[in-house]
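Welcome, and please take a moment to turn the model around before reading on.

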Amino acid sequence: MMSAVRQPTERPRAAEPLVEIKGLTKLYPMDTGWLGKKRSWLSALEDVDLTVRRGEILALVGESGSGKSTLARLLIKLIEPTRGEIRYEGENIFGLSRAQVRGLRRKVQIVFQDPYSSLNPRHNVGQIVSEGINGLAPVFRRRRTNELLELVGLSPNIIDRYPHEFSGGQRQRICIARALAVNPEFLILDEPVSALDVSVQSKILNLLADLRDELQLTYVLISHDLGVVRHVADRVAVMYLGHMVEVAPKQLLFSNPRHPYTQALLSAVPMISSKREKRSRIMLAGEIPTAINIPARCRFATRCFRAIDVCWNEVPRLKEVEREHVVACFNHAPVAEALTR
C-alpha cells in the first residue's frame, strides 16, 4: 500500500509557528476522600511542550493511552487543561471569549477515525457537508457543497444520498469535505485511514497531501501506523504515558532515534530491503503502566532497557541532542549503540 503513496511537498523547516504548546497538563480526578478531597489523579498529559509550524504535517505517535487523543481534544478546545496553554497565532485559546472560540473553530477542524460513526445517518450528503455554511443563501450553499465534493474527488450527483450508501473511503472523503467547508487552515487528523481497507488508505493519504499543498493547510496527524507516518509526515512527535519523549524531523527520527521507547517502536516496523539487512527487535518488558498517581520519575523507567539510577528519581525534560532533534532521556544513545546492547 505505501508504495502508492506520493511523497508530500517538502516544507521549509524555518516556517513560522502556528501553534505553540507550553506546559500543557490534563489531570482527571479518580476518587475522593474525606470532605471531598481528591485522593488520586489520572495524568492524561503532563508538562507537554510542542510547536506546530505553519504548513507542515506533524505526526503524533505512541501506544494507546499515551495522550494523543487528549492533546487533540485540547487543540480544538473540546476540554479545558488543568494547567498550561495552547497559543494559536500567538493567542492563548483558553482565554478566548465565546465569540472568539467560534472564530477559532472556523480555523481549526478535525477529521475523525471512523468515517461512519462521525456522520449523521439521518442527514444526506448535502446537509452533512454544508453544516458549517448554513448561513449562506440556499443557492450559494449548494454551489459551495458541489465544489467541496469535487475537491475531495466525489461527484456532486451524490448530494442527496445518505451515508449508508457509501464505502468507507467515500465516507471519509465526505468527512474531509465537511471539515473544509469553513475554509480552515489547521486540520487535526485523528487516525484518518486506520478504519479503511488497505487498498483505500493510499488514496486518502494522497488526497490529504494534495489538499495540504493546494489549500496551504497545516496538519497534526495522529497515527499508530509508522508506515503512514514515514511517508507523509514532515516531523514526528513521540508520546509515552502523557509525556512528550522525542521530537525530530522525520528523516532524523527514523534514521537515528535517540529515546529507547522510540527505538523499540521503530525496531518493530517491517522493513523491506534488497540487501536483506538484519535489524534487531527491541522487546519491551510488560505493558504501559497505569497513569494514576505516577511517581516523580521517568515514566518509561519500568520498561526501559537502559534505565539508570537517576531515571527512578527525576523527571527527564526535553533537550536538544542535535539540530531540531529533542529528547527527554537521561541515557539517550544513537540507535547503533542501543541495538548492540
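Let us begin with Glu-185, which is partly exposed at 21% relative accessibility; here buried means under 20% relative accessible area, exposed means over 50%, and partly exposed lies in between, with a 1.4 Å probe and protein chains only. Before going further, note that this is a predicted model, in which local features need pLDDT of at least 70 and side-chain atom pairs count only at pLDDT 80 or more, while totals for chains, interfaces and linings use all residues. Residues are numbered from 1 along each chain as its sequence is written, and side-chain values use heavy atoms, with hydrogens and water left out.

Which residue does Glu-185 meet in a salt bridge? The partner is Arg-54, with 3.8 Å from N to O; a salt bridge is a side-chain nitrogen of Lys or Arg within 4 Å of a carboxyl oxygen of Asp or Glu. This pair links distant parts of the chain, 131 residues apart: Arg-54 sits in the loop between S2 and strand S3 (57–61), and Glu-185 in the loop between H5 and strand S7 (186–190). The element names come from DSSP runs numbered from the N terminus, with helices (H or I) of at least four residues and strands (E) of at least two. Arg-54 is partly exposed too, its relative accessible area being 29%. Both residues also belong to a network of salt bridges that links Glu-16, Arg-54, Glu-89, Lys-107 and Glu-185.

The whole structure holds 17 salt bridges. One of them joins Arg-317 to Asp-47, with the closest N and O atoms 3.5 Å apart. Arg-317 lies in the loop between helix H9 (260–267) and strand S11 (319–322), and Asp-47 in strand S2 (residues 38–53), so this pair ties together parts that are 270 residues apart in sequence. Asp-47 is partly exposed, at 31% relative accessibility.

Arg-212 and Asp-213 form another salt bridge, with their closest N and O atoms 3.2 Å apart. Are these two buried or partly exposed? Arg-212 is buried, with a relative accessible area of 0%, whereas Asp-213 is partly exposed at 23%.

Now for the backbone. Most residues other than glycine have a negative phi. Gln-216, however, has a positive phi of about 60 degrees although it is not a glycine, and this residue is in the loop between helix H6 (198–215) and strand S8 (218–222). Leu-241 also has a positive phi, near 50 degrees. You will find Leu-241 in the loop between strand S9 (235–240) and strand S10 (243–249), where this residue is buried with a relative accessible area of 4%.

Next, look for the second largest pocket, with a volume of about 370 Å³. On a 1 Å grid over the protein atoms alone, a pocket is an open set of points where a 1.4 Å probe fits, with protein on both sides within 12 Å along at least five of seven lines, and lining residues have an atom within 4 Å of a point. The volume is the space filled by probe spheres set on the points. Its lining has 18 residues, and Arg-105, Val-108, Gln-109, Ile-110 and Ala-179 lie nearest the centre. Helix H2 (98–107), strand S6 (108–111) and helix H5 (168–180) each give two or more residues to this lining, and S6 has the largest share, with 4 residues.
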